[in-house]
Amino acid sequence: MSSITVAKVLNNNVIIAEHPQFAEVVVIGKGIGFNRKSHDRINLSSVEKMFILRSQEEQEQYKQLVPQVDEKLIEVVQEIVLHIMQNSGRSLNEHIHTALTDHISFAIRRQEQHIPIHNPFLYETKEMYPQEYALAEHAIERINTAMHTALPPDEIGFVALHIVSALSNRHISEVRAHSLLIGDLVGLVEDSLEYRVPRDSLDYSRLVTHLRFVLERLRRGETVREASSLDGLMKREYPEMYMLAWKLTKVIEQRMHIPVYPAEVSYLTIHLQRLAQKKEDEEEMNR
């Protein structure tokens with residue numbers, strides 16, 4: 001019968017063990033570490049949950065984090081990670097084990113200290129990453145139930161970005177930067193038009209989705225087919241929206257340090273003109 005060997009006990013419910021096939025693994029189970037010592041052998045049939053941290057750096061970070069975190073939270077986060085994998089059908093960057101545990105632990109601590117954290121880009125995140133947002137909703141519900149907490153909806157947005165990061169193998173700072181950039185771009189549009197786009201509207205969803213695809217195309221190095229005739233038409237017919245689109249692309253260039261193809265300005269102008277027309281229609285109805 002196969003067994004694992006205890007390498008390090010992190011707490012009563014979490015150990016690092018030597019696996020006959022996968023080298024070092026993290027094992028989670030009720031009382032799995034109680035009264036265990038290094039070199040103790042554990043039958044694999046008694047292991048409830050196990051995951052592999054292949055990176056030495058990730059292992060060290062996780063070993064340092066676990067003793068500082070509520071043991072119940074360790075188990076709940078692992079359940080959430082498994083849920084994400086099963087529902088997305090994709091593998092996750094292993095950093096999510098450390099990053100998500102650390103984030104939620106800190107969020108619970110903030111709540112206990114009555115320190116509110118507002119997420120100004122909650123709607124942008126929901127529009128940009130609907131699948132990840134739904135998974136984050138489930139995660140926060142599970143945490144609130146298991147940990148007897150009441151983490152606010154703002155946390156759904158933060159957790160969603162961690163999920164995006166793990167699914168796309170992009171660092172959370174890059175994912176967050178894109179979310180912040182889209183929020184800033186939407187703000188620029190609203191300031192220029194002097195019109196707040198309703199967050200639950202199709203217009204808002206279209207704008208955010210278009211901006212997201214612009215950033216994704218740039219990140220992947222994709223080119224947009226040049227449309228000189230369309231460019232001339234947009235510049236001539238909608239000069240104000242064309243200039244606003246041009247300004248937005250300059251902001252994107254500065255923040256992402258990537259040149260934006262001129263064709264993007266034309267396509268963005270179409271979306272902006274639709275918004276400008278919607279504003280005019282609403283003002284006409286209110287007269």
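This is a predicted model. Begin by selecting Ile 104 and displaying its surroundings. Apart from neighbours within four places in sequence, Ile 104 is in contact with Leu 73, Ile 140, Ile 143 and Val 159.

The largest nonpolar core has 40 residues. The members that touch the most other members are Val 14, Val 26, Tyr 62, Ile 104, Ile 143 and Val 159. Colouring by element shows where the core draws its residues: β2, β3, α1 (56-65), α2 (71-88), α3 (95-112), α5 (130-147) and α6 (154-168) each give two or more. Which element gives the largest share of this core? It is α5, with 8 residues.

A further core may now be selected. This second core is separate and has 37 residues, including Leu 181, Leu 185, Val 214 and Leu 244.

**The strands**

Strand β1 (residues 3-11) pairs with β2 in the antiparallel sense, over 5 bridges. To find one point of this pairing, select Lys 8, whose bridge partner in β2 is Ile 16. Follow the chain from β1 to β2, and you will pass through a hairpin in which 2 residues join the strands.

Strand β3 (residues 23-28) also pairs with β2 in the antiparallel sense, here over 6 bridges. Select Glu 18 to locate one of its points: the bridge partner in β3 is Glu 24.

In a regular strand, side chains alternate between the two faces of the sheet. Display the side chains of the strands with this in mind.

**The second largest pocket**

For the last stop, select Ser 192, Leu 193, Tyr 238, Pro 239, Glu 240, Met 241, Gln 273, Ala 276, Lys 279 and Glu 280, which line the second largest pocket. The volume of this pocket is about 200 Å³.

Which helix gives the most to the lining? Helix α11 does, with 4 residues. At least two lining residues come from each of α7 (172-193), α10 (239-256) and α11 (262-286). Colour the lining by class to finish: 5 of its residues are nonpolar, 2 are polar and 3 are charged.

Note on methods
Residues are numbered from 1 along each chain as its sequence is written. This is a predicted model: local features need pLDDT of at least 70, side-chain atom pairs count only at pLDDT 80 or more; totals for chains, interfaces and linings use all residues. Side-chain values use heavy atoms; hydrogens and water are left out. On a 1 Å grid over the protein atoms alone, a cavity is a set of points where a 1.4 Å probe fits but cannot get out, and a pocket is an open set with protein on both sides within 12 Å along at least five of seven lines; lining residues have an atom within 4 Å of a point. Grid points are joined across faces, edges and corners, and a volume is the space filled by probe spheres set on the points. Ala, Val, Leu, Ile, Met, Phe, Trp, Tyr, Cys and Pro count as nonpolar, Asp, Glu, Lys and Arg as charged, and the others, Gly among them, as polar. Two strands pair if DSSP finds at least two bridges between them. A nonpolar core is a set of buried Ala, Val, Leu, Ile, Met, Phe, Trp, Tyr and Cys residues joined through side-chain atoms within 4.5 Å. Buried means under 20% relative accessible area, exposed over 50%, partly exposed in between (1.4 Å probe, protein chains only). Contact means heavy atoms within 4.5 Å.
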